[in-house]
Amino acid sequence: IPPPPIDESLIPESDDDDGDDPRDTPPPVIYGEEIDTEFDTIVYVVDVSGSMRWGLGSYTTIDGNQATGTRLDKAKVKLIRSITGLADNFKFNIVAFHCWTTQWSSELQEANPPNKSSATRWIFRLIPMGGTGTGPATALGLSEQENMTIILLTDGGPNCGASGFTGHRTMISNSNTQGARINVFGIAAVG
């Protein structure tokens with residue numbers, strides 16, 4: 001017996017969801033934490049200073065195997081998992097820093113499969129060196145005025161690029177003209 005016809009007048013009207021509202025999609029996740037954002041942009045700022053080669057320990061690789069590696073090895077896996085988990089409506093970028101900064105892209109990019117793949121290759125090539133220039137790197141991430149979410153991954157106190165903790169905080173605060181939320185994840189962090 002076929003089911004009775006559906007009375008479409010009884011189906012609630014949709015909210016006209018065209019997929020452009022990130023609150024309708026899973027939030028970004030890193031280190032098991034959901035990143036609360038009402039916006040569809042995110043810039044990852046990752047410390048690649050010399051101390052990120054310290055702390056040999058076990059971790060689970062991208063392909064699910066156990067390995068021994070550095071702080072940066074572990075951070076790379078978490079970063080890649082977060083990026084590959086971004087909903088398609090997000091735009092993202094990555095800034096890596098020691099005493100110098102470098103970006104994966106000159107501007108925010110769509111979180112589509114080709115860009116996620118490109119970002120993953122770029123992340124795998126990062127190597128630890130130099131000091132910790134947190135202020136300039138975070139300021140660079142904040143220079144994307146449409147970006148409202150920063151994820152900062154670092155293992156220690158800033159020691160180059162500005163004068164002391166206060167100089168780095170001031171640089172970040174002065175750069176955050178759009179009022180972006182800065183989420184900080186310490187990796188065996190000090191300071």
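These legends describe close-up views of a predicted model.

**View 1. The whole chain, shown for orientation.**
The chain of this predicted model has four helices and ten strands. Along the sequence, these elements follow the pattern β-β-β-β-β-α-β-β-β-α-α-β-α-β. The chain has 191 residues, and 45% of them count as buried. Among contacts with a separation of 6 or more, 69% join residues 24 or more positions apart.

Helix H2 covers residues 113-124. How does the distance between the end C-alpha atoms of H2 agree with the span that its twelve residues should have? At 1.5 Å a residue, the span should be 16 Å, and the end C-alpha atoms are 17 Å apart, which agrees. The buried residues of H2 are Asn115, Lys116, Ala119, Thr120, Trp122 and Ile123. Seen down the helix axis, these buried residues fall within an arc of 165°, so they line one face of H2. Helix H1 (71-84) is part of what covers them, and so are strands E6, E7 and E8. The exposed residues Pro113 and Pro114 are on the face of H2 turned away from the buried side.

Asn115 lies in helix H2. Is Asn115 buried or exposed? Its relative accessibility is 16%, and the cut-off for buried is under 20%, so Asn115 counts as buried. In one, the side chain of Asn115 reaches the backbone oxygen of Glu110 at 2.9 Å. In the other, a side-chain oxygen of Asn112 comes to within 2.9 Å of the backbone nitrogen of Asn115, at the start of H2. Leaving out residues up to four places away in sequence, Asn115 touches Phe92, Trp104, Gln109 and Glu110.

**View 2. The aromatic pair of Tyr31 and Phe185.**
A search of the whole structure finds two aromatic pairs. One of them is formed by Tyr31 and Phe185, and it is stacked, with 5.8 Å from centre to centre and 20° between the planes. Tyr31 belongs to the loop between strand E1 (29-30) and strand E2 (33-34), whereas Phe185 belongs to strand E10 (residues 181-186). The pair links distant parts of the chain, as its two residues are 154 residues apart. Tyr31 is partly exposed, with a relative accessible area of 30%. Phe185 is buried, with a relative accessible area of 15%.

**View 3. The aromatic pair of Phe92 and Trp104.**
Why is the pair of Phe92 and Trp104 stacked? The ring centres are 4.8 Å apart and the planes of the rings lie at 10°; planes under 30 degrees apart count as stacked, so this pair is stacked. Phe92 is in strand E6 (residues 91-97), and Trp104 is in the loop between strand E7 (101-103) and strand E8 (109-110). The two residues are twelve residues apart. Phe92 counts as buried at 0% relative accessibility. Trp104 is also buried, with a relative accessible area of 13%. Both residues are among those that Asn115 touches.

**View 4. The backbone at Tyr31.**
Tyr31 lies in the loop between E1 and E2. Its phi is near 50°, a positive value in a residue other than glycine. Most residues other than glycine have a negative phi.

**View 5. Ser82 and its contacts.**
Ser82 is found in helix H1. With a relative accessibility of 2%, Ser82 counts as buried. Which side chain makes a polar contact with the side chain of Ser82? The partner is the side chain of Tyr44, at 2.7 Å. Apart from residues up to four places away in sequence, Ser82 touches Val29, Ile30 and Tyr44.

**View 6. Gly141 and its contacts.**
Gly141 is part of helix H3 (residues 134-142). Gly141 counts as buried, at 2% relative accessibility. Its C-alpha atom is separated by 6.5 Å from that of Val95, a residue 46 residues apart from Gly141 along the chain. Gly141 is in contact with Val43, Val95, Asn147 and Ile150, leaving aside neighbours within four places in sequence.

Definitions and conventions: Residues numbered from 1 in each chain as written. Predicted model: local features only at pLDDT ≥ 70, side-chain atom pairs only at ≥ 80, totals over all residues. Heavy atoms only, no water. Buried < 20%, exposed > 50% of the residue type's maximum accessible area, 1.4 Å probe, protein only. Contact = heavy atoms within 4.5 Å. Polar contact = N/O pair within 3.5 Å; in protein donor to acceptor, adjacent residues only side chain to side chain. Phe/Tyr/Trp six-rings, centres within 6.5 Å; stacked < 30°, edge-to-face > 60°. Expected span 1.5 Å × (residues − 1). Arc of directions from axis to C-beta.
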